[in-house]
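Hi everyone, thanks for coming.

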Amino acid sequence: MEAYLRSCRDVLKACSKNSPGLHVVMGNEACDMDSMVSALTFAYFLSKSLDCKRMPVPVLNIPRAEFPLHSDSTFLLRETGLSQDCLLFRDEVDLHGLHKNKQLTLTLVDHNVLPSADSELEDAVVEVIDHHLLQRPTSPSCPITVEPVGSCATLVTERIAQKAPEVLDQQVAQLLYGTIILDCVNMAPEAGKVTPKDSQYAVFLEKRFPKLPKRGALFQSLQNAKFDVSGLSTEQMLLKDMKAASGGDLKLAVSVIYMTLEAFLQRRGLQQDLCEFCHNHNYNLVVAMTISFIDNKQPLRQLAVYSSSTVYREEMSKALEKAKNPSLDLKPMSSPYPDVKAFIQGNTLASRKKVMPIIADFLKERERKVYQSGNIEDLDLDDDSNQDQSDSQQCPEDAGIEDDGQVPPTPMNSLVEGCPLDNGLPKISPEVLVEKVTKMASMEDTSSEGQ
Ligand SMILES: [Mn+2]
């Protein structure tokens with residue numbers, strides 16, 4: 001496998017205007033272990049099939065500099081004997097440039113819609129394998145495999161087992177197995193993640209590769225690696241496992257944090273850190289979902305909503321508190337900061353994957369109201385501006401009134417993993433639409449590429 005991955009780097013280097021192009025296999029922007037492993041193993045599987053016109057290449061959907069934050073993934077790679085050097089990251093491949101030259105084919109794993117910044121790449125997508133809520137229209141030119149299993153790696157394992165079992169070697173199996181075990185919380189039914197298909201393929205891998213690390217020990221070591229946030233800055237913690245969403249004037253980040261909310265809120269200068277994080281990354285609200293374990297066993301989820309804008313903070317908190325599908329069972333807890341509402345999340349099964357659709361609905365509904373009124377300024381949705389900025393700390397972007405609230409927490413267990421749903425609604429302006437249609441027309445000749 002390492003030889004294959006190294007060859008991908010060489011192919012990329014040699015890629016010129018005249019080369020046939022690349023078939024990129026890419027996971028979601030959180031780039032959790034599932035996204036990484038699904039991309040690596042599925043690209044490897046594709047590379048073994050004879051009829052690929054373009055070289056399949058896995059691309060990890062984060063800048064290389066962020067990879068060290070993914071301590072569980074770096075641990076699994078190390079254990080599997082693969083070097084980080086042979087991976088390709090998003091900032092090392094110019095997907096938009098390749099696409100403009102008609103040199104890009106794209107397979108999405110572990111997500112099924114591209115974030116708005118990548119929406120232009122949509123017509124390069126030839127296949128989707130995912131376990132999130134299906135959010136893309138079906139199309140005859142793009143086969144979709146979407147099933148609500150615990151791990152996308154399960155679906156990749158199934159595909160390989162059915163189509164080319166010889167592709168599975170010890171390394172490939174170890175990557176897939178570790179990911180399934182971690183995503184499915186050691187296959188424990190009470191965590192609410194594992195499905196019969198996940199178990200089926202975990203057992204399949206164990207039988208074929210008796211030398212795989214033992215399940216319980218592997219889970220524990222991956223879990224320890226994942227929760228090892230010692231030494232991270234607040235910004236790094238927020239970035240470590242983050243999804244973004246946006247709608248209208250609201251851009252928000254939803255981060256999973258691996259500690260208790262109390263411990264997180266006790267970090268010195270936390271509100272200022274959140275404020276700077278929003279400023280630096282252009283968000284105006286942050287939802288922090290913490291997950292920790294009581295006595296190392298029972299999961300505890302808590303949730304915090306930060307915004308320097310009281311309006312945003314209150315609207316978001318209310319939407320989460322009122323959510324019915326599922327209900328998060330949020331109970332306010334005290335917060336030391338005026339701009340942070342804190343909650344205990346009684347529904348410990350509601351991972352970010354369940355929370356993102358609630359947020360997406362909220363954003364959609366908000367936009368609808370804005371359109372109805374025809375003018376954002378008329379609604380008080382436009383945060384800060386007019387209101388008193390009196391006691392908000394001096395945070396550049398939003399003024400915002402405080403009014404801290406406390407909100408319920410988040411659930412526990414490592415169910416938190418990646419959820420590709422984020423990427424809010426693409427913003428469609430007439431210009432963008434025209435450009436997109438033009439592009440689609442001009443791409444038509446290559447759109448049935450590959451696969
Ligand atoms: Mn996943």
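Let's start with Lys197, which counts as buried because its relative accessibility is 18%, and the cut-off for buried is under 20%. Keep in mind that this is a predicted model. You'll find Lys197 in helix H7, which covers residues 196-208. So what does the side chain of Lys197 join up with? It makes a polar contact of 2.8 Å with the side chain of Glu158. If we skip neighbours within four places in sequence, Lys197 also touches Glu147, Val149, Thr154 and Leu155, along with Glu158 itself.

Okay, on to the metal. The manganese ion is coordinated at 2.2 Å by Asp34 and Asp110, each through OD, and by His131 through NE2. Asp110 sits in the loop between strands S3 (104-109) and S4 (125-130), while His131 is in the loop between S4 and S5 (144-146), so this pair ties together parts 21 residues apart in sequence. Are those two buried or exposed? Both Asp110 and His131 are buried.

Last stop, the nonpolar cores. In the largest one, with 76 residues, Leu106 and Leu176 touch the most other members. Helix H2, residues 33-47, supplies the largest share of that core, 10 residues. Looking past its neighbours within four places in sequence, Leu176 has contacts including Val37, Thr41, Ile160 and Leu205. There's also a second, separate core of 31 residues, and among them are Met237, Val256, Ala288 and Tyr306. As background, nonpolar side chains tend to be buried together in soluble globular proteins.

Methods
Residues are numbered from 1 along each chain as its sequence is written. This is a predicted model: local features need pLDDT of at least 70, side-chain atom pairs count only at pLDDT 80 or more; totals for chains, interfaces and linings use all residues. Side-chain values use heavy atoms; hydrogens and water are left out. Donors are N, O and S atoms within 2.8 Å of the metal (3.2 Å for Na, K and Ca); water is not among the atoms, so sites may look incomplete. Helices (H or I, at least four residues) and strands (E, at least two) are DSSP runs, numbered from the N terminus. Buried means under 20% relative accessible area, exposed over 50%, partly exposed in between (1.4 Å probe, protein chains only). A polar contact is a pair of N or O atoms within 3.5 Å; within protein, one must be able to donate a hydrogen and the other to accept it, and residues adjacent in sequence count only if both atoms are side-chain atoms. Contact means heavy atoms within 4.5 Å. A nonpolar core is a set of buried Ala, Val, Leu, Ile, Met, Phe, Trp, Tyr and Cys residues joined through side-chain atoms within 4.5 Å.
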